[in-house]
Amino acid sequence: MSKLTTKPTASHAKVAKAAPPKETEAIAPLPVAENWRGHLRVGSIITETPGVKTFRLVPSSSDRLLPFTFVPGQFLNVAFWIGGARMNRSYSISSSPTQREYIDLTVRREPRGAVSRHIVDLLKVGDQIEAAGPVGKFTFDGTEADSIVLIAAGVGITPMMSVTRYLTERSWAGEIFLIFTFRKPADFIFANEITAIQRVNPKLHVAVTVTRAEGTDWKGSRGRITKELLTQTVPDLASRRVHVCGPQSMMEATKAMLTELGVAPDQLKTEAFGATKPAPAAAGTALKPTAEATGPLVTFSTNNKSVKIHVDQTVLELSEELSIGIENSCRVGTCGLCKVKMTSGEVEMAVEDSLTPDDKANGIILACQAKPKSDIVVEA
Ligand SMILES: Cc1cc2nc3c(=O)[nH]c(=O)nc-3n(C[C@H](O)[C@H](O)[C@H](O)COP(=O)(O)OP(=O)(O)OC[C@H]3O[C@@H](n4cnc5c(N)ncnc54)[C@H](O)[C@@H]3O)c2cc1C
Ligand code: FES
């Protein structure tokens, strides 16, 4: 069952319409903005900071233009075969959608990460990557508000960079406030480019704070993002649209501060880059049950297996115990890879970001979020 899907959004149309095609684009086939799935080729690799590289991906065929369009802030799902197991992960597009010939994925090498180490250590120019998308609702193309505050920690800067590049290239009239935090000054991804953008975009305001500046000549702010840093950097913060991306703990702390500072919930958008616990090696990896299950009965109809679920366990976790291969990546309800059809029963889902109205109408659930409220049957 194909789960690497995305629906076109109004914004897709806006981007395609707003960026006038170059002369040669007029004769190129129309880009696919829905359900794209295929291969991209690594065109070049840029080392950004220690452990972080940007992979510039180009069409795998002889086509000059990418086979899809995207909105700043969206991401791609990519898949690799590593050690005989298929592994899916999501990576935000850090380039601007005005670039129709390539996309950039900027990846941080996690010291014990299965896929990020494979990407950063082993990928080389010319390699083909299996990808699908674009996906995601953590987007901003300038039509949603007349100013934007982008707050990120570490590699969470990637979707913010796409937005910043895009708005600057479009000469967007609004104020852009970037507030970033990194561990060390050397970890400041895109530092030189942001300085260069500031020179051409007087509406770009940047504040960076580092948490481990000892022994460096860092002259900027030190420590975590605080309410003071937020209010000093952004006048009238409460009246603005704010996007936050980073580790779960940083996002929770920042959301709490922003709420205290009066930012309305509907003006606050967040994106988590993944679950706090490491994902199992691959879809189908068996996990050992730890206690007797007392929850509702879950039937995986394709595999003809019915078992009771543990209290607070998700359908995805149960499927992993049973070695039922439900694809997954983010495990936080964002990427949509774990969509399965539920033919009976009821579940609750804390996050449903990647479900479309059509999905909901057709009984599609996110296995990584779904906790059964009654006995259920899913097609897996
Ligand atoms: C929407 C979205 C967008 C994203 N965009 C980006 C992006 O632009 N750039 C980017 O770099 N990442 C991004 N991510 C994160 C990315 O998808 C991966 O989660 C990340 O690269 C880690 O994958 P991995 O396979 O290397 O780590 P995994 O193997 O999945 O491990 C996850 C974490 O657990 C740690 N870990 C693994 N094994 C152990 C162990 N035995 N003990 C202790 N700790 C362990 C790893 O160090 C890692 O931090 C995004 C995620 C989402 C959901
Ligand atoms: S694994 Fe990403 S939405 Fe479930």
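**The shell around the ligand**

Tutor: In this predicted model, the residues of the shell around ligand 1 divide into 10 nonpolar, 6 polar and 5 charged. The shell draws at least three residues from each of domain 1 (10–135) and domain 2 (147–271).

Student: Which residues are the closest to ligand 1?

Tutor: Of the 21 residues that surround ligand 1, the closest are Arg89, Ser90, Tyr91, Val115 and Ser116.

Student: Which elements each supply at least two residues of this shell?

Tutor: They are strand 4 (85–92), strand 5 (103–108), helix 2 (114–122) and strand 12 (268–272). Strand 4 gives the largest share, 4 residues.

Student: How are the polar contacts of ligand 1 to be read?

Tutor: A polar contact is a pair of N or O atoms within 3.5 Å. A nitrogen atom of ligand 1 lies 2.8 Å from a polar backbone atom of Thr106, and an oxygen atom of the ligand is 2.9 Å from a polar backbone atom of Ala114. The side chain of Glu110 has an N or O atom 3.2 Å from an oxygen atom of ligand 1. Of the 960 Å² of accessible area that ligand 1 has on its own, the protein covers 78%.

Student: What is the order of the strands in the open sheet?

Tutor: Strands of a sheet pair through backbone hydrogen bonds, either parallel or antiparallel. Here 5 strands follow the order 14-13-19-15-17, with mixed pairing. Strand 14 (305–308) and strand 17 (364–366) are the edge strands, each pairing on one side only. From one strand to the next, the twist averages 35 degrees.

Student: How many bridges join strand 15 to strand 19?

Tutor: There are 2, and the two strands run antiparallel. Ser344 has Val377 of strand 19 as its bridge partner.

Key. Residues are numbered from 1 along each chain as its sequence is written. Chains are lettered from A and ligands numbered from 1 in the order in which they are written. This is a predicted model: local features need pLDDT of at least 70, side-chain atom pairs count only at pLDDT 80 or more; totals for chains, interfaces and linings use all residues. Side-chain values use heavy atoms; hydrogens and water are left out. A residue is near a molecule or strand if one of its heavy atoms lies within 4 Å of it. A polar contact is a pair of N or O atoms within 3.5 Å; within protein, one must be able to donate a hydrogen and the other to accept it, and residues adjacent in sequence count only if both atoms are side-chain atoms. Accessible areas come from the Shrake-Rupley method with a 1.4 Å probe; for residues, only the protein chains shown count as cover. Ala, Val, Leu, Ile, Met, Phe, Trp, Tyr, Cys and Pro count as nonpolar, Asp, Glu, Lys and Arg as charged, and the others, Gly among them, as polar. Domain bounds come from an automatic or database domain assignment. Two strands pair if DSSP finds at least two bridges between them. Axes are lines fitted to C-alpha atoms, for helices over the stretch in contact, and angles run from 0 to 180 degrees between N-to-C directions.
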